[in-house]
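Work through the exercises below with the sequence and the model in view. Each task is followed by a solution in steps.

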Amino acid sequence: MTIETQLKPNTLGNWAALGIQKYLNKVLSHEAAVLKDEDPEELHQMRVGMRRLRSAATGFAPVLNLPKAAGDRPIGKIARRLGELRDLDVLLEALNTHYYPQLPEPEKKALDVVLLQLVKRRHKAFKLVRSTLEGKKYQQMKQQLQQWIDFPQYTAIEKLPVEEVLPDLLLPQVSKLFLHPGWLFGVEHLSDETEAVENNSDGNQPTQTLSKKKVEKLLTAHGEVLHSLRKQTKRVRYLMNLFTDFYGPTYDAYLQDMKDIQECLGDIQDSMVLEAVLVDILGDDIKKNLPKLANHLARSRYQAWCRWAQFQRRYLNLVIRKGFHSALLHPEVESS
């Protein structure tokens with residue numbers, strides 16, 4: 001018996017179970033291919049499935065009684081193991097595809113050393129992924145989730161109409177997003193209260209033009225705050241993805257913003273991680289020994305920063321934030 005036949009689809013409990021079932025199926029559909037290790041895209045899709053499964057478990061936590069081995073933390077640990085391997089795939093693809101062909105021969109020779117080391121690291125990371133997927137904890141998670149899907153257990157609020165409680169599920173994560181200090185990264189405080197009101201801001205405004213040098217300095221000193229903001233944006237995006245059937249185009253537009261912000265901040269983070277890996281392996285000042293590659297990395301970071309700055313200005317605007325909240329408070333489309 002499937003979840004769809006057990007409850008009316010518009011109840012909170014059933015919608016939660018549908019989410020768990022959907023993302024578990026996505027994870028399992030890529031598992032065999034990941035173990036074969038022939039296509040990096042399979043690993044990427046399985047990792048996405050794990051992340052969305054975790055978002056469903058977290059977002060629907062008020063209504064779900066999940067078994068301990070299939071809770072948020074066990075799912076998160078498995079997702080991180082997949083993520084370690086995926087991150088190496090991203091680094092290798094970036095170096096091989098985007099940077100290596102553009103470098104002069106001396107820098108290519110240095111990069112050959114890095115590529116060889118990354119391949120060795122990837123081999124070790126894949127062994128860990130394989131042992132994880134064949135291990136006891138992952139097998140327990142799968143088994144207990146599948147058993148739960150056959151006989152779901154809920155809290156007392158399971159029969160509430162999902163449309164009535166959507167804002168209560170969505171707004172806590174969105175509030176965490178808007179309260180994140182990453183929005184004030186590189187921002188100067190406005191001393192003129194009148195100017196702040198005219199800009200529909202809360203008294204803070206991004207500096208309109210930051211030089212590449214200034215951006216590099218900020219990222220070196222405080223880049224972790226943007227990485228943290230990216231993770232919260234991702235949580236909001238995956239949670240919102242669960243409820244697109246209940247909303248209209250305004251909601252979809254904000255959801256697209258979450259995806260775009262995540263990608264901008266991801267490009268910044270990927271570039272910073274890549275540079276850190278180069279320094280770790282080569283033990284050199286890459287600006288001195290790999291000048292062209294260092295310039296490419298700095299330029300890609302700055303381009304990503306400029307894209308991000310547009311969203312930063314947008315979401316420091318009080319009207320935009322209120323519009324986002326309003327969109328969540330008023331579902332526009334009833335689920336069939």
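A residue is called buried under 20% relative accessible area, exposed over 50%, and partly exposed in between (1.4 Å probe, protein chains only). The model is predicted, so local features need pLDDT of at least 70 and side-chain atom pairs count only at pLDDT 80 or more, while totals for chains, interfaces and linings use all residues. Residues are numbered from 1 along each chain as its sequence is written, and side-chain values use heavy atoms, with hydrogens and water left out.

**Exercise 1. Find which helices have the lowest and the highest mean pLDDT among the elements, and which stretches fall below 50.**

Step 1. pLDDT is the predictor's confidence in each residue, from 0 to 100. The protein has a mean of 89, and 90% of its residues reach 70 or more.
Step 2. Helices (H or I, at least four residues) and strands (E, at least two) are DSSP runs, numbered from the N terminus. The lowest mean, 42, belongs to helix H7 (residues 193–198), and the highest, 96, to helix H12 (residues 318–329).
Step 3. Residues 1–7 have pLDDT below 50, and this stretch has 19 contacts (heavy atoms within 4.5 Å) beyond near neighbours in sequence.
Step 4. Residues 190–201 also stay under 50, with 16 contacts beyond four places in sequence.
Step 5. Where pLDDT is low, the predicted coordinates should not be read in detail.

**Exercise 2. Describe the aromatic pairs of tryptophan 183 with tryptophan 308 and with tyrosine 315.**

Step 1. Rings of Phe, Tyr and Trp (its six-membered ring) pair if their centres lie within 6.5 Å; planes under 30 degrees apart count as stacked, over 60 as edge-to-face and the rest as tilted. The rule gives 11 aromatic pairs.
Step 2. Tryptophan 183 and tryptophan 308 are 5.4 Å apart centre to centre, with 35° between the planes, a tilted pair. Tryptophan 183 is in the loop between helix H6 (162–178) and strand S1 (187–189), and tryptophan 308 is in helix H11 (residues 291–315), 125 residues apart.
Step 3. Tryptophan 183 is buried at 3% relative accessibility, and tryptophan 308 is buried at 0%.
Step 4. For tryptophan 183 and tyrosine 315, the centres are 5.6 Å apart and the planes at 35°, so this pair is tilted. Tyrosine 315 lies in helix H11, so the pair ties together parts 132 residues apart in sequence.
Step 5. Tyrosine 315 is buried at 1%. One aromatic cluster is formed by Phe178, Trp183, Tyr254, Trp308, Tyr315 and Phe324.
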